[in-house]
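Subject: Handing over the structure

Hello,

Here is the structure I promised to pass on. Please open it and keep it beside you while you read.

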Amino acid sequence: MVPASLPSDPLTRTPRIGKAVPYCQESDGAAARRRREPSPSSPSFASGAARARPPPTPRRLPPARLPPAPRHEARAGPHDAPPRRHARARASSPRAAEAVLRTHDHVFASRAHSLAAEIILYGPSDIGFAPHGEYWRQARKLVTTHLLSSMKVQAFSLAREEEVGMVMARIREAAAVGAEVDVGDLLRSFTNDLACRAVMDKSFRSEGRNRLFRELVAETSPLLAGFNVEELFPFLARFGVLSKMVRAKSERVKRRWDELLDRLIQDHEHKYDEQHDDTSASGDTRDDDFIHVLLSVRDEYGLTRDQMKALLLDVFFGGIESLAAVLDFTMAELMRWPRIMKKLQAEVRTRVPEGQEFVTEADLTDNTPYLIAVIKESLRLHAVTPLLAPHMSMASCSIDGYTIPAGTQAVINTRAIGRDGRFWEDAEEFVPERFVDGGSAAHLNVSGNDFQFLPFGSGRRMCAGINFGMATVQLMLANLVHCFDWEMPEGEDRRHLDMSEMFGLVVRRKEKLLLVPKLPRL
Ligand code: HEM
């Protein structure tokens with residue numbers, strides 16, 4: 001069991017500030033209970049099976065400074081020896097997901113080694129790929145407290161509104177001349193610009209840096225998505241062919257990231273040193289960009305330059321593609337279901353004061369249940385991280401009478417769970433009504449407590465950017481449907497809109513979403 005001295009997950013302790021709604025809010029008592037008790041529906045331990053416990057953690061307070069990033073046990077050696085192959089366990093039911101992510105969360109809280117992540121993410125010294133341990137715990141605490149807390153997400157709302165406003169202006173230009181818009185491309189460029197703005201404020205627009213970031217993310221994501229390609233092609237792995245290719249490509253993109261981030265951090269250091277005497281060092285209550293905030297806490301946490309760069313990279317790889325994919329799937333579904341689009345437009349348009357051009361976050365607070373229902377339904381039907389990020393066990397444990405050895409990768413199939421007809425009525429249909437009051441799934445939320453609905457995962461490794469993600473998706477979607485009516489390009493039928501998907505770091509729609517925006521006749 002989890003020792004009392006471990007810091008509790010900072011996400012569950014995030015205070016509720018102003019009107020911001022943390023999506024994973026849970027009382028400390030409930031969180032502690034959840035960790036202590038297996039839930040009644042979790043599988044019982046098989047009689048006679050050895051009851052595995054994780055190695056005891058010494059009882060001590062966490063250090064104030066980040067310890068060195070740990071190395072994965074199974075990392076490739078200097079000669080690109082292929083890593084040890086991991087056994088796989090698949091969880092495709094809510095019960096099995098709960099066994100991994102709640103009952104045995106403390107055992108399955110690590111990640112498998114990835115050569116690309118080791119190179120590109122400095123060790124890895126980020127959060128998403130770092131193995132479980134004191135480094136990951138402290139780094140996650142830093143990020144969820146100082147960069148992605150609900151307070152920080154709320155402080156960023158003006159910037160979010162400005163970025164959304166710029167996209168609406170671009171669509172308006174297209175609407176004025178009756179041109180079609182590549183909605184997917186527009187959304188990817190929006191989420192890229194938003195991530196750049198969060199990381200480095202408005203300076204990103206100079207020298208076309210946003211385009212450079214976009215190119216680099218596109219080049220890097222397939223490498224990080226590969227996880228253990230060696231495991232998929234063991235024959236090639238034996239000769240180290242894949243490792244050599246992955247290493248060469250990863251080192252190439254790493255050099256480019258490194259130069260770019262170094263330059264940005266240096267620029268910020270100069271500004272930070274100039275301002276430092278006038279401002280408080282904590283930095284997390286103002287609308288500071290992430291580099292500025294990391295500089296302000298670097299002494300407190302003993303952050304190295306490489307660790308800073310790794311943590312910043314998580315914003316690019318956690319945020320850009322997932323947000324764009326969710327928005328793209330949602331818009332495509334709304335095009336296929338005009339009744340739902342109209343109902344959503346009616347809800348949003350009645351919430352926006354007359355004469356106001358764009359939807360603001362204040363217009364949406366606790367006020368738009370159908371908007372939330374549409375987003376939840378999209379996350380259910382189109383899981384953009386359908387297998388979560390694979391969790392790896394750090395000790396052997398017993399689930400349902402089976403002994404799962406240490407070093408097993410648990411793959412949680414949230415897509416299968418989200419489309420399973422045993423738990424969802426009309427599972428393959430897009431029916432947001434199931435999530436509104438009185439609907440069959442009205443009680444389900446995205447905070448990882450309902451194991452039939454896990455768009456952001458659950459437990460210790462749950463998405464660190466859930467508040468940032470949900471705030472962004474809501475604001476952008478509300479504006480897209482408020483500011484425009486949408487039509488298919490001439491000659492195309494909305495009923496035949498292609499929903500086929502392609503895999504990468506996240507799953508996204510394969511085909512472009514070309515739509516024609518019209519200014520609404522209000
Ligand atoms: C709607 C958009 C998003 C979705 C659907 C999503 C989903 C997920 C999922 C399923 C995981 C894996 C959880 C697990 O392994 O159990 C994850 C991890 C993560 N996400 Fe997100 N995410 C989104 C947006 C974001 C954003 C905007 C950020 C940062 C700004 C972010 C940062 C992260 C990080 C750092 C992790 C790794 C957490 C860890 O391993 O401790 N995500 N996300």
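First, two notes on the source. This is a predicted model: local features need pLDDT of at least 70, side-chain atom pairs count only at pLDDT 80 or more, and totals for chains, interfaces and linings use all residues. Residues are numbered from 1 along each chain as its sequence is written.

**The whole chain**

The protein chain has 19 helices and 10 strands. Both are DSSP runs, numbered from the N terminus: helices are H or I with at least four residues, strands are E with at least two. The chain has 522 residues, and 47% of them count as buried. Buried means that 20 or more other C-beta atoms lie within 10 Å of the residue's own; exposed means 12 or fewer, and partly exposed is in between, with C-beta atoms placed from the backbone. Now take the contacts with a separation of 6 or more: 78% of them join residues 24 or more positions apart. A contact means that two C-beta atoms, placed from the backbone, lie within 7 Å.

**Around the ligand**

Which residues come nearest to the ligand? They are Gly318, Gly319, Gly457, Cys463 and Gly465, out of 26 around it. Here a residue is near if its C-beta atom, placed from the backbone, lies within 6 Å. Helix 14 (305-336) and helix 19 (466-483) are the elements that give two or more residues to this shell. Helix 14 gives the most, with seven residues. By class, the shell has 15 nonpolar, eight polar and three charged residues. Ala, Val, Leu, Ile, Met, Phe, Trp, Tyr, Cys and Pro count as nonpolar; Asp, Glu, Lys and Arg count as charged; the others, Gly among them, count as polar.

**Helix 14 meets helix 19**

The axes of helix 14 and helix 19 come within 10 Å and cross at roughly 40 degrees. Axes are lines fitted to C-alpha atoms, for helices over the stretch in contact, and angles run from 0 to 180 degrees between N-to-C directions. The crossing is right-handed, that is, the near helix is turned clockwise from the far one by less than a right angle. On the helix 14 side, the residues in contact include Gly319, Leu323 and Leu327. Helix 19 brings Phe468, Thr472 and Met476, among others. This contact has nine nonpolar, five polar and no charged residues.

**Sheet 2-10-7**

This open sheet has three strands in the order 2-10-7, with antiparallel pairing. Two strands pair if DSSP finds at least two bridges between them. Strand 2 (181-182) and strand 7 (485-487) are the edges, and each pairs on one side only. Strand 10 (514-518) pairs with strand 2 over two bridges. Valine 181 stands opposite leucine 515, and aspartate 182 has leucine 514 as its bridge partner. Three bridges join strand 7 to strand 10. There, tryptophan 486 stands opposite proline 517. Leu515 and Pro517 form the covered face of strand 10, while Leu514, Val516 and Lys518 form the uncovered one.

**Sheet 1-6-3**

This open sheet of three strands has mixed pairing. Its edges are strand 1 (88-91) and strand 3 (391-392). Strand 3 runs antiparallel to strand 6 (409-412), joined by two bridges. One partner pair is histidine 391 and alanine 410. Helix 3 (94-103) packs on this sheet and touches strand 1, strand 3 and strand 6. The direction of helix 3 makes about 135 degrees with that of strand 6.

Best wishes
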